[in-house]
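Please read this briefing with the model open beside it.

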Amino acid sequence: MRGGGKGIKCVTLSLVQFKHYMGPPITTLSNSSTNMPPAKYSRDIMRATAAVLLVLCLLTIGHAWDCQIVVDIKNLMQIDAGLGQVVATDTSQIPYYLVGDEWVRLPGSLRHITVGPAGIWGVNNGNLMFKYVAGNWVQMATGAKQLDAGGAVFLVGDNIDDTPWCLSRSASLGFMGPDSPLRGIMLPGAVKYSSCGPFGCWAVNKNDDIYLMSLNQDCQNNGWSHIDGKLSMIEVATDGSVFGVNSAGQVYTRDGITASKPDGTGWRIVPMYMPIKHVTYDLGRLWVVSNSGFTMVCTH
Ligand SMILES: [Ca+2]
């Protein structure tokens, strides 16, 4: 399936118009002997219009994503990709890890899972937080609603009251069980979903307002900066790319993000044929989960 978006539809439309302008209506005009010059003029205008439309649409297609439905998994709740790995949970709270085309079931029951430089982490229905260690889940003492291992060194979770916090690089990498030293540092503000990358952590609050914070490996920071727009979830890739979904199910990506301009330059829509509830990006692949339970992987 090509779910890449308006670019494909646009070319189809312009070819139909092109055919329409170059076909029978033009001939009819040309054959009406009473009015040759205007007919030729009209034909030229129409040709030019069709050509311009075609060029515009080909420009659009340059930004389009080509999406394929992932047929081997259904009813995903959420998906996360990082460092070449892909993990997901479904609506029955079963965690999965992608191997080849096969979605291998991981042990336990989770409603949120994340993979990245900080390892593989998850949260269960009771807001208990776990790290994947030697093929099993070991529990961390702190509760969380959602967390992200996508930062270069640390992860940020959101407690059930939306209080964000940060685990230092040494604590997140070194965590191996209940006896590990644990120093979570509370962050200011209230966020419902957050995700970290090499140039900072992005978050959204309960009003879908968007914020960005830069943290060092010991969680030192200068607070949140407000970013324009509204999103209901947001994910940062290991390369710093940012993708999010708004309450209408539209997917957006942030343009112009660099180390020296971590907030980028503006939002750009990623056209999708159906409403999307979750998105993640890693190594050229955009993974999306639709409201209706389809999972698609998109490239461009
Ligand atoms: Ca992530």
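Two strands count as paired if DSSP finds at least two bridges between them. Helices (H or I, at least four residues) and strands (E, at least two) are DSSP runs, numbered from the N terminus. This is a predicted model: local features need pLDDT of at least 70, side-chain atom pairs count only at pLDDT 80 or more, and totals for chains, interfaces and linings use all residues. Residues are numbered from 1 along each chain as its sequence is written.

**Overall make-up**

- The protein chain contains four helices and 24 strands.
- Buried residues make up 40% of the 300 residues of the protein chain. A residue is buried if 20 or more other C-beta atoms lie within 10 Å of its own, exposed if 12 or fewer, and partly exposed in between, with C-beta atoms placed from the backbone.
- Two residues are in contact if their C-beta atoms, placed from the backbone, lie within 7 Å. Of the contacts in the protein chain with a separation of 6 or more, 51% are between residues 24 or more positions apart.

- Strand β7 (residues 119-123) and strand β8 (residues 128-133) run antiparallel and are joined by three bridges. W121 has K131 in β8 as its bridge partner.
- The hairpin of β7 and β8 has four residues between the strands, and N127 in the turn has a positive phi of about 65°.
- Six bridges link β8 to strand β9 (residues 136-143), again in an antiparallel pairing. M129 has M140 in β9 as its bridge partner.
- Two residues separate β8 and β9 in their hairpin, where A134 takes a positive phi near 55°.

**The sheet β18-β19-β20-β21**

- Four strands make up this open sheet in the order β18-β19-β20-β21, with antiparallel pairing.
- β18 (233-236) and β21 (266-270) are at the edges with a single partner strand each, so one side of each has no neighbour in the sheet.
- On average, neighbouring strands of this sheet are turned by 25° against each other, direction ignored. Axes are lines fitted to C-alpha atoms, for helices over the stretch in contact, and angles run from 0 to 180 degrees between N-to-C directions.
- Strand β19 (residues 242-245) is joined to strand β20 (residues 251-255) by three bridges. V245 has V251 in β20 as its bridge partner.

**Nonpolar core**

- A nonpolar core is a set of buried Ala, Val, Leu, Ile, Met, Phe, Trp, Tyr and Cys residues joined through C-beta atoms within 7 Å.
- The largest one has 75 residues, and L155, I234, V251 and V288 have the most contacts inside it.
- Apart from neighbours within four places in sequence, V288 is in contact with V251, M272, I276, V279, M296 and C298.

**Loop residues**

- L83, in the loop between β2 (76-82) and β3 (85-90), has a positive phi of about 55° although it is not a glycine. L83 is partly exposed, with 13 other C-beta atoms within 10 Å.
- D162, in the loop between β11 (155-158) and β12 (164-167), is not a glycine either, yet has a positive phi of about 70°. D162 counts as partly exposed because 17 other C-beta atoms lie within 10 Å.
- P181 lies in the loop between α4 (169-174) and β13 (184-186). With 9 other C-beta atoms within 10 Å, P181 is exposed.
- P181 and S170 are 11 residues apart in sequence, and 9.4 Å separates them in space, C-alpha to C-alpha.
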